[in-house]
Amino acid sequence: MSSLMRRTAAAFAAGALLTGAVLTGTAHAEQAERDAAPLQSTLRDAAAAQGRFAGTAINDGLLSNPTYTSIASREFSSVTAENVMKWETIQPSRGNFNFSGGDRLVDFAQQNNQQVYGHTLVWHSQLPSWVSNGGFNAEQLNAVMTEHITEVVSHYAGDVAYWDVVNEAFNEDGTLRQSVFQQTLGQQYIADAFRVADAADPDAKLCINDYNIEAINAKSDGLYQLVSSLLQQGVPIDCVGFQSHLILDQIPGSFQSNLQRFVDLGLEVIITELDIRIPMPADQAELQRQAEQFAEVTEVCLAVDGCVGVTVWGISDRDSWVPDVFPGEGAACLYDDNYQAKPAYYAMLEAFGGGDDGGDDGGDDGGDDGGEEPGPEPEGCAATYSVVNRWNQGSVVEVSVTTEQALSGWTVEFSLPAGSVTSGWNAQVSQSGTQVTATNAPYNGSVPAGGTLSFGFQTDSGATYDTPQITLNGAPCATA
Ligand code: G3I
């Protein structure tokens, strides 16, 4: 039995327990022990071992709920503000900025060693009427937009790793949505928004985010053309967010090739708002298929170098936006209404290479599930080497190494098959011949057991090559 099936069975068994199935005292004890056994891994640790982040949207109103916050902090390495960084909340009237909710999220993230994903700067929805119906001419609206982006991005500079700069700019047919921004400023508003955000925080990664773009279709084609043109113009865009509000049994077959074509442009791609909704009430067969589909989406991301993370849109079914907007549908998240992990949780964990192997049954025999086992980790480290941008005479590379053992200082070495290092960040990067040596910066030498170190560098060559062998403090790492 695969570990996914074991966990799924355990989840269903737990359900049977709750609904009063008769078990012997011993069986009760064994079941309770299984249910209480801590997983050897969490989503965030399993994702980190694959060089990805596991994220969730955070509902500000639930930060006082300890059940909610303990799952949020334990399982996720990235947090997105579900609502509190949107325009209507953050600048409800002109010049009146309210950062309290966003600041709470940043505090929460910092306490829990999490990345903050900012959502969202320019969007037609949750836009206060002083903007949407303000009657501004182009010059005025441009000033309003610039002011908003500058204030918000500057406020969070250094705290927010990614921003959804422009959200939901497209119609389903691939044309641009006639938002107040498009109507008043024309398509130029998109390039301008990115440039203003970049000026306010050059270190934040800047994304365009949308829904129904997971497949290769008219809408994702329109987006592909737009971002290609933005890149040609030198607009500072780093990433595309694929919201992925999906429907059970409708995971698009072209999802992976679609992500890949955006990565091939030199962009990162991110699953930003994943949920999979089911007609209610959801039965066990549907929950099982949903689990397989959460795993499938995770595997799609893992199959694409440059897909850097998967964020789910809410922790439990009770917190989800889905029933409000799609009456009669729901059960779209990883946890049920009582904050119990659903089959989808275990499936996603296993898809990231985590799980409870070595627990109750002496380990996975690996024989029957065809599932992907994590790669070998020769000396307790796993490395990813991502060429995140490449052009004729240059490339930008990001290296992440996850370590099983805590570190107090690190040296990462590898051979660079083409070109020379011209600059580095988050490490002191030097080169001797083809050998590159990166040592920790003063601020990132300490890495906890299971933690990930990351740094980047630029080269003067656009040549392609195989991923080199990477060592951590002299020991070879498994390389994805
Ligand atoms: O803040 C008000 C509160 O003052 C009022 O008492 C209450 C009464 O209904 O409403 C509150 O506002 C709600 C807001 O969430 C904050 O809770 C809105 O009614 C409600 O419509 C709003 O829904 C959010 C929705 O975006 C708005 O478009 C959802 O929580 C949020 O999950 C959803 O997220 C979007 C992403 O931002 C973009 N992609 C799609 C995704 C799902 O729609």
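Biologist: What should I know before I start?

Modeller: The model is predicted: local features need pLDDT of at least 70, side-chain atom pairs count only at pLDDT 80 or more, and totals for chains, interfaces and linings use all residues. Residues are numbered from 1 along each chain as its sequence is written, and side-chain values use heavy atoms, with hydrogens and water left out.

Biologist: How do I read two packed helices, and at what angle do H11 and H12 pack?

Modeller: Two packed helices are described by the angle between their axes and the distance between the axes. Here helix H11 covers residues 218–232 and helix H12 covers residues 255–263. They pack at about 10°, with axes 11 Å apart. That makes H11 roughly parallel to H12. Angles under 35 degrees count as roughly parallel, over 145 as roughly antiparallel, 65 to 115 as roughly perpendicular and the rest as oblique. Axes are lines fitted to C-alpha atoms, for helices over the stretch in contact, and angles run from 0 to 180 degrees between N-to-C directions. Helices (H or I, at least four residues) and strands (E, at least two) are DSSP runs, numbered from the N terminus.

Biologist: Which residues of H11 and H12 make the contact?

Modeller: H11 brings Ser 220, Asp 221, Leu 223, Tyr 224 and Val 227. H12 brings Asn 258, Arg 261 and Phe 262. Contact means heavy atoms within 4.5 Å.

Biologist: How do I read a sheet, and in what order do the strands from S15 to S22 lie?

Modeller: Strands of a sheet pair through backbone hydrogen bonds, either parallel or antiparallel. Here five strands form an open sheet, ordered S15-S19-S12-S11-S22, with mixed pairing. Two strands pair if DSSP finds at least two bridges between them. The edge strands, S15 (421–425) and S22 (478–479), each pair on one side only. S15 pairs with strand S19 (residues 452–459) in the antiparallel sense, over four bridges. Val 421 stands opposite Thr 459 in S19.

Biologist: What is the pairing in the sheet with S16 and S21?

Modeller: Antiparallel: five strands form that open sheet, in the order S16-S17-S14-S20-S21. Its edge strands are S16 (427–432) and S21 (475–476). Strand S20 (residues 470–472) is joined to S21 by two bridges. Thr 471 stands opposite Pro 476 in S21.

Biologist: How many residues surround the ligand?

Modeller: There are 14, and the closest are Glu 82, Asn 83, Lys 86, His 119 and Glu 273. A residue is near a molecule or strand if one of its heavy atoms lies within 4 Å of it. Look at the polar atoms next. Asn 83 has a polar side-chain atom 2.9 Å from an oxygen atom of the ligand. For His 119, a side-chain N or O atom is 2.7 Å from a ligand oxygen. Glu 168 has a polar side-chain atom 3.0 Å from a nitrogen atom of the ligand.

Biologist: Which peptide bonds are cis?

Modeller: One joins His 119 and Thr 120, with omega about 0°. Thr 120 is found in strand S3 (residues 115–122). Another joins Met 280 and Pro 281, also with omega about 0°. Pro 281 lies in the loop between strand S8 (268–279) and helix H13 (284–302).

How values were computed
A polar contact is a pair of N or O atoms within 3.5 Å; within protein, one must be able to donate a hydrogen and the other to accept it, and residues adjacent in sequence count only if both atoms are side-chain atoms.
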